[in-house]
Amino acid sequence: MKMFKKAFAFFIIILAIANDSVAQQEQTFSQYMFVPTIYNAGFTGSRNAICATGIMKQQWVGLEGAPTVYAVSLESPVKFLRGGLGGVILTDKIGGFNSTTVKLKYAYHRKMGDGLLGVGIGLGLVNKKIDFSYFNVSGDDPLLTSTEEESGMIFDIDAGIYYQKGEKWYAGVSSAQINQGTMEITGGKTKLSRSYFLTGGYNFRFVRMPKIVVSPSLFMAYTQKAPIMINAGVIGEYNKLFWAGVVYKHQEGIAIMAGANYKNIKVGYAYDVNTNSLKNGGSHEIRLGYCFKLEIEKPKRSYKNTRFL
């Protein structure tokens, strides 16, 4: 319990770095339960394997300038660092705005009770780019009629706490863009908005059906001065080979998902059906992951009989 209090205090101190900012809501994935490292640095390297994951989301198909998000993560446990080390690259494009984040993440791991506690921090850079030619606005304003691009780099910090009790349940709290970095642009400046994430899940197993696991989960995201995002989902998995599920997105819609695992390869697909006022072809999301363990064989001991020396 003392270790948990220290970890929580560390997390709160990091959160206390910045001031209020203009809201810019974070993009979230429907398959959030499979990509925790993107949102919570505390999970980094806790899979006891080297894992690479790529995920792509094309949102609101048929709507011009709709968001497209790509993310790639690579992580591994590192024993001499007493935790895990990883990296995340995330690209988010909406209309004439393009944002690319490159971040290095570290998590300190410690056993607590029957589970594993991870306290992590992420440091990196965000490249913000604005293409004014996209807006194609007529008039006398040189900013809106410009065909030029503006870009800049912003230093970024995130942090998180993650606890998982074996394969039973997990919970985490984290924050991104803690320092709320700024970038000067023509006519003003752009500022990153601090975001908060809360996630948790439980795996139900059945004695009479040992090959089936039912996993409900919750993901909540809040960006300052923006509506809170609530995703609640449930997944059913059979024999660790196939899975399917659904996620309810508050005031947005539902996502229907399915996937398969083959050896060390994991594949998933999600289709979002919008229930809001947007009339379009929904959203597509594809995920591909690969994990492997580095097992170094220990040399066999050999003994020599002194009679043959």
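Me: How does arginine 205 count at 44% relative accessibility: buried, partly exposed or exposed?
Reply: Arginine 205 counts as partly exposed at 44% relative accessibility, where buried means under 20% relative accessible area, exposed over 50%, and partly exposed in between, with a 1.4 Å probe and protein chains only. This is a predicted model, in which local features need pLDDT of at least 70, side-chain atom pairs count only at pLDDT 80 or more, and totals for chains, interfaces and linings use all residues. Residues are numbered from 1 along each chain as its sequence is written, and side-chain values use heavy atoms, with hydrogens and water left out.

Me: And which side chain meets arginine 205 in a salt bridge?
Reply: That is glutamate 167, at 3.0 Å from N to O; a salt bridge here is a side-chain nitrogen of Lys or Arg within 4 Å of a carboxyl oxygen of Asp or Glu. Arginine 205 sits in strand E11 (residues 204-205) and glutamate 167 in the loop between E6 and E7, 38 residues apart, with strands (E, at least two residues) and helices (H or I, at least four) being DSSP runs numbered from the N terminus. Glutamate 167 is also partly exposed, at 48% relative accessibility.

Me: How many salt bridges does the structure hold?
Reply: The structure holds 8, and one of them joins the side chains of aspartate 272 and lysine 57 at 3.0 Å, N to O. Aspartate 272 lies in strand E16 and lysine 57 in strand E1 (residues 50-58), so this pair ties together parts that are 215 residues apart in sequence.

Me: Are aspartate 272 and lysine 57 buried or exposed?
Reply: Both aspartate 272 and lysine 57 are buried. Salt bridges with shared partners also join Lys57, Lys249, Asp272 and Glu285 into one network.

Me: Changing topic, what is the volume of the largest cavity?
Reply: Its volume is about 110 Å³, taken as the space filled by probe spheres set on grid points that are joined across faces, edges and corners. A cavity is a set of points on a 1 Å grid over the protein atoms alone where a 1.4 Å probe fits but cannot get out, and lining residues have an atom within 4 Å of a point.

Me: Which residues lie nearest the centre of the largest cavity?
Reply: Of the 13 residues that line the largest cavity, Tyr32, Pro36, Tyr162, Thr199 and Phe219 lie nearest its centre. Helix H2 (36-39), strand E7 (169-176) and strand E10 (195-202) are the elements giving two or more residues to that lining.

Definitions and conventions
On a 1 Å grid over the protein atoms alone, a cavity is a set of points where a 1.4 Å probe fits but cannot get out, and a pocket is an open set with protein on both sides within 12 Å along at least five of seven lines; lining residues have an atom within 4 Å of a point.
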